[in-house]
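Here's a quick tour of the model, taken one topic at a time. Keep the 3D view open as you read.

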Amino acid sequence: MRPENYEAQRQPPSHEYELNIGPNHPGIEGNYAFKLRLHGDTVLEGKADAGYLHRGFEKLMEGRLWIQNLAITPRICVPDPVPMEVSYVLAVEELCGLEVPERAQWLRVLQLELSRIAAHLFTFGGHAATTGMYSTMFWGMADRDLVLDLFEELTGGRVYHIYNIPGGVRRDIPDGFLDRVKRTLDYLESRLPDYDNLLFTNQVFVQRAKGVGTMSREQALEWGVTGPNLRATGLKFDVRRDDPYLVYEDLEFEIPSEEAGDAWARTLVRRKELVESIRIARQVVAALPKIRGTIRCPIPNPLAWSVPAGSAYTRVESSKGELAWYVVSNGGERPYRTHVRGPSQMHAVQVLEKLSVGARLEDIAQTMFSLDACPPEVDR
Amino acid sequence: MTEVTKTPAAGDALPVKTGKRTNPLANVFDELVRFAQSRSLFMLHYCTGCGAIELPPAMTSRFDMERLGIQPMVSPRQADILLVTGYVSVKTLKRVILTYEQMNSPKYVIGICSCTVNGGMYWQSYATAKKLNDYMPVDIYIAGCMPRPEAVIAGLRGLIEDIRRGTADTWKDYYRRYDHYLGNQQRLFGEDWQTPTDVIAEARHYGLFGPGTLGERTALLERHQKPLEALEMKLDIPELMARRSGLGSKGRTEVK
Amino acid sequence: MSKDLSTWLDTLLNELQGIEVRRRSSRRIRVDVQPDALPALLELLRGRASYVHLSAISCVDWIDEGEFELVYHVWSYEIGSLVSAHTRIARDPGVYISVYDIYTPAAFFERDIHEMFGVFFEGSPDMSRFILTEWDGPPPMRKDFDSEAWVNAHFDFQDYQPDWLQEIEAKGGGVAVRPDEQRFSRRDLDAS
Amino acid sequence: MRDIDYKDKGGVLNPLKNLSFFGRKAVTVPLEPRPASANYRGFHLNDWETCIGCSTCQKVCDNAAITMVRIPDLPEDPVQGIRNLRPAIDYGRCCWCALCVDLCPTGSISLSREYVHTCLDSELDSYFVLPDAKGIHGTPYPKGWAKSEDADLVALERERMEELEPAERIGHFQEIVAGYDSNQAIIEASRCVQCGMCFDACPTHMNAPEYIRAIWKGDPEQAVREIYRTNPFAHTCGRVCTHRCEDACSVGHRGTPIAIRWLKRYAMDAVDHERVKAIAAEGKARFLSGKRVAVVGAGPAGLTAAFDLVKQGHEVTVLEAQAKAGGMVRYGIPDYRMPPDRIDRDVDVITSLGVKIQYQTRVGKDVTMAELERDYDAVILTIGLWMGRSTRIPGSDSPRVKRAVTLLRDVADQVKVSIPASVVVIGGGNVAMDVARTVARLQKQTFGAVKVTVTALEDLEHFLADPQEIKEAREEGIEILDARGPQEILFKPRKYEVDKVHGLRTWRVLSIFDDQGRFAPRYDEADEQIHEGEMVIEAIGQAAEVDLLGEDLTERLEWMRGRLKVDGQGRTNLPWLWAAGDMVRGPDVVSAVADGHRVAASINTYLSIQEDAA
Amino acid sequence: MDALRLMLELFLMPLVAFVIGLAMVLLMRRIGARLQRRVGPPLLQPLWDIIKLHGKETQTSHGLIHEIGIVMAIGGFVAAVTLIPVPGMNGLAEQGGLIALIYMMMIPSLGLALGVGQCANPNGSIGISRALTAMLAYDIPMVIVVFGIAFFFGSTNLVQIVEAQQAGGIATWGLVEMPLLAIAGLFAMQAMLGKQPFEIYIAPAEIATGPMVEMGGKFLGGLFIMQCFQLYTAGALYTLLFLGGGENWLTFLIKVFGVVAIPMTIAFLFPRYRTEDVVRLVWKWPAMIGLLGIAFLMY
């Protein structure tokens, strides 16, 4: 048995040919494949091919205790793991009716925003690299690493934090942590002009990104686009504001949006979100010392914990868009069913396929990265 | 100049070329090549799993792998190291094997994260392979879920040391015990599994034939052999030429 | 604007026969509906109450009841609320109608449910496999598929023999409880 | 806050501003691994001194990465709840989530800040690690993620049980503790980490984890079924067991142990009595073996043995001297701890299986051992310890000096006992507490006031009684004096026919045992006290009434230190005679039950062999 | 004697070019590292890379033409460097001249095209078609520049051109005399080296490094060697044409490295254009500037 996509998908007419982008290809975010039918270097058709990162998460989670699943949830989307954790935990809390202490909620917001900053820095690097600009990636990774240092200090893990637990968070902040957060935020902010000079106001980049992967607002709504990609078409929608969770209602932040709906607009929205995230994180840092109290409400012994029967659908805004968990309990000690709705399930499949038709081969990778598609969310 | 006559039957002990060098200069040369090999490692940047998230930091400014002469390469032909970053789903595993076979030797496989060792988090998942070394020889493992960039670098430095000493030669194992690896691959992918690279022919060509190269599993391979158009762009191997054209080859290799 | 729409929603939900509406919070509404009425409900929700965003379609395999539960989560940007429409179809033969003509994103979810649960959606644009293209087994998310048994049939695990273990074994100790023997391993699921 | 204008199309020259980076320093860190943060989740450490081998880490491990390894060099002590198992981690599975740390009952396991481990394919065994305090490579690294108060997931606090206030409980013999309701029971049961330490520690090896889990799952019937597998005295043990399980409980190492005893009590109370009988009868043999077994004494040991033997198809007759069954549980434990109707239930379950009990049949008087030997295939002696020991101090032979056992039996039998307004109790064990509290209740009923003084040889730290008992006794107004050695019973000037007791004279105890560990108390004679009391009760231990055996039999039996000598299976040196219960083990209900099982098993084997031979 | 000297020069010039080329590769990587705020590779890294690639034990060839293509790619540059006079060595420069050099510099691209054509990898084919497009694009300004130079100095003999520039110090350098052509030449060089923003044919994210996709082992090693020569050729040519060549080895090296550093620095600060943008841009700006420069020279 040869791998199925090794063979040409169909016999193309003589003026057409097929090209596989991925799974092992630098123009693909992660382990994912995109099969193109090309005429010259114009794409006639694009077909997404997923499953390279399929682990059967939802199946695995049905076989593990509620608390054991904490460790597995962040692995669904690696660059931005915290929203995964938080939304799963929110679902469990909704099912159990747990009251999360306020301090824990603020800590979760801090994590979510730091994670968003890290994810955006990651995406900028990747996006720039698809256009041959590697320095952004080198800088972005180094600066993202500072955020990961904060995570390491707070949660004990650089990438997989496993810090949220139904009922709250696992530990309180270490001494002096908030100062270090503040310092890192200041540093990141001071770096923004450098990034602007290098990438965001770099005419070559602007020229490359403008008009690439353009979609109208109607198309975006039709295709189920969410998150920064939706906001780049002019719809100011953000789950944090419009379907608020945790303490986002108490926070002040703008929802940046753009009208153009192309790769450039999407990049700009993310760039502006970075500023907003820093702003939110600052508010948390300022507020946290005033919020005393526990970080976790009492929860039952994890080994003997059955969650009341019911179902919960919890949505959060990840760096990529609307992320949701549908968790069903039949009253047992393990979830009866979990279903994760990742934003990339739309972006990396339908949206990418549709945007690639008629696009140039040059722009495919850029389209994918500008959509910030995250293959593991598709594969699960 | 003898012709390659027939495929040896399974179990036939074939004399393996013993690379004995008597010329001291040649030894110096070998040493130099080995040193160069250890100082210049091209890493195939294939994100097979979640551990790949720690590779960009390791490659970029903060941890800067280029200090060790390691840089990412995009094509398996160019790469020396195959980093298997965490779990490999069965679907990916096929590609990993194809990739591995396409790489030029000496090639090194690094298994990162728990998942490559014993299944890791996904030990009960129907979709992921559990032990990487069933399917291809692995040179070095780096523990962690996922290992930090520093750990990755430490692992790579270990590999560099091994290459420098000349002990990192598991890639030969793939040729010498191809039957074993192929067997495990067939167990998972079905017995008609085949790859576009003719490992047996390569093994013979480069004198890496071992007692375990052929066996009952490779016999299955022959049986299910389909004409592969990919063979056209394959190795310049006299034996293959001979087999295909039916003409005598002017190959450089003698039957050993 | 949004007030009008939510009135629309209320009227709409009142109008329809045979549905059960539960408001869990101001932004979450659960609707239980018969399978034959679901497309009409979604059509109305989208057309008359601005529920344009299909957030997800989830499938739950209630094997004991012999049913699949399909949950359509739709969101209205204008009203700001999420309606989860629950419906149950027979597990066998597991065929349902696609809502692709109402919601484009349904294509992905239906395709996903088809390969994971084996539910066929009539009228969905593409029911070919996507994630599990190279998978020969049954739809894996069904409750009757035992992932661990499949793993045991296809994979080996490491058999560690470290020095310290051999020393301990020489002294009469050794492995006492294997990880898969303890109470909470998957094997013991619902043993009692 | 700098924001960029999206209309800003940028320029070709903007990037060139970054040429300034030629002059800036690199951000690259050295190649050597950096020290990890204080909370880092690196490789495991395990403090073998603290670790008890409970395998909770294994249970919470979501990746099945933990194997429990038996290490023969380490101590194993089921009573204290210590096993010689230690977790070994498979780093081919581990995901460093640190749930094992957060759920470790003792806090022995932690993660270090070490994070580099690489190995060759041939060294893959190094991925399977038995962590100790030294770390994976033996290099010292500081602790990373370790147990902390906020990260602790073990439920350390016991669910509170309603009980009567001292003022309310003192005037009568109603039960003090209310028992759990189903909600409380489920919460309490959910604390259990299923380590099975209790199973190891329990003399009769009750499978507490199983019935606790059944209770947690809301299935008390299943719990009863689990309980009856090993213990027919379920009501009794649910109330007055010495709960060694709780002493061994792994949660108890840092918190309060699971209330295993109360949970058992909850399960028994929650299930209808008829249903309990049905459950207890499950697995009863459907044939009769035709063998007859006699049991002397219807106490826990005897009835347990009878229960087992009946279930195995033998015919069992129990001979009981008293009017009711239950033995010391009924006659030795006051009603406020052990309501008699619950004993009735336990006995009823056993008799419902077909055990015949002949009440008020005293062996040695109504029937002789020789007759039993003749009429039955096997005989079990479970005569308990019914004879109170005396201090033998001057004056202790007076009729106003009572033995605790006798007094308690009389109270239980509702024999009228006249209790004076002030009483002194000698002894520091549970029996002393029982008798003191019983007397206190009687005093309260009669005089409306309590004046009981308990004097014990031991100091408070070494009291034999349960701390709980002592606490409750004090709450009830009983004065407890520790380290007092009784010297003499003082009498009032003789006015009446019978000497009236005035009180007890004691000296302060300096030490109880000598260097060799023999009983040889030393006193501080200067510290002399006189405790006033019109009655003195001795509660310093009991002995078996072995005279019922008859001289002949006594001769034939082997004895050791005044006790009947039995082997591990309860066999005496006579092939037809077994002995069990308090008379061979010392006073303890659950040990008696365990003994009963043991003896029953032995007899069953013996009878089967007999059958085969025949 | 002359013949012997010529032989020696023909042997030494490629060798020197290679060594300098190695250093240039290092320079390139170090510049990148500097801008990216990191340390960068060790000193001999380019050499180790090349030795390693040639020391590979299995080599995947795609046929005879594949191998010949690589040989041509290197050979073209080896021939080209013998036409570039360096201090003390003129090689064939006097006989060859500028026109021959331009021709020689086209051979590698064509050789590469031949070699890659054998690989049957669509990425390679796309890459090589892009490379040839880029070549066509930058050849226009380059020819204009060469034409302008030839017009100005009245010769296509590089030795004479250099001598003419060295005659009056900096004032007679091509850079000073023909600034517009120098700018156009810089553009052309950027495109010739295939560096961002003109890096259309490498483009990993689009076509997985294009022509190199099927190259492994010694073939990739060959390309690495080619890159050394290419950098050297470009740098040396520009130096000869606009910076008055080298009076001695020191000034020569300073000039050559300085020249090469410019496109490299730019490469790390810019993304790449699309293919058609490259052609449009290169045909528009450098060609216009070059023509303008010639117009200035003529009047």
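Predicted model: local features only at pLDDT ≥ 70, side-chain atom pairs only at ≥ 80, totals over all residues.

Start with what the buried residues of H6 in chain A pack against: helix H4 (102–130), helix H5 (135–155), helix H7 (203–209) and helix H11 (263–287) of chain A. Those buried residues include A:Val181, A:Leu185 and A:Leu188. Also on the buried list is the run A:Tyr195, A:Asp196, A:Asn197, A:Leu198, A:Leu199 and A:Phe200.

H6 covers residues 177–200 of chain A, and it has a kink of about 35°. If you want to find the bend, look for A:Asp194, where the kink is centred.

## Where chain A meets chain D

Nine pairs of chains touch, and chains A and D make the most contacts of them. Chain A puts 40 residues into this contact and chain D puts in 45 residues. H6 of chain A, the kinked helix, gives the most, with seven residues. Sorted by class, the chain A side has 20 nonpolar, eight polar and 12 charged residues.

Chains C and E, on the other hand, don't touch, and their nearest C-alpha atoms sit 24 Å apart.

## Inside chain D

Chain D splits into domain 1 (31–154), domain 2 (171–282), domain 3 (287–386 + 544–614) and domain 4 (389–543). The centres of domain 1 and domain 2 of chain D, taken over C-alpha atoms, are 32 Å apart. Their contact draws 13 residues from domain 1 and 15 residues from domain 2. The domain 1 side of it has six nonpolar, six polar and one charged residues.

Terms used
Residues numbered from 1 in each chain as written. Chains lettered and ligands numbered in written order. Bend = angle between axes of the 7 residues up to and from the residue. Helix = DSSP H or I, 4+ residues; strand = E, 2+ residues; numbered from the N terminus. Buried ≥ 20, exposed ≤ 12 C-beta atoms within 10 Å, placed from the backbone. Contact = placed C-beta atoms within 7 Å. Nonpolar A, V, L, I, M, F, W, Y, C, P; charged D, E, K, R; others polar. Domains from an automatic or database assignment.
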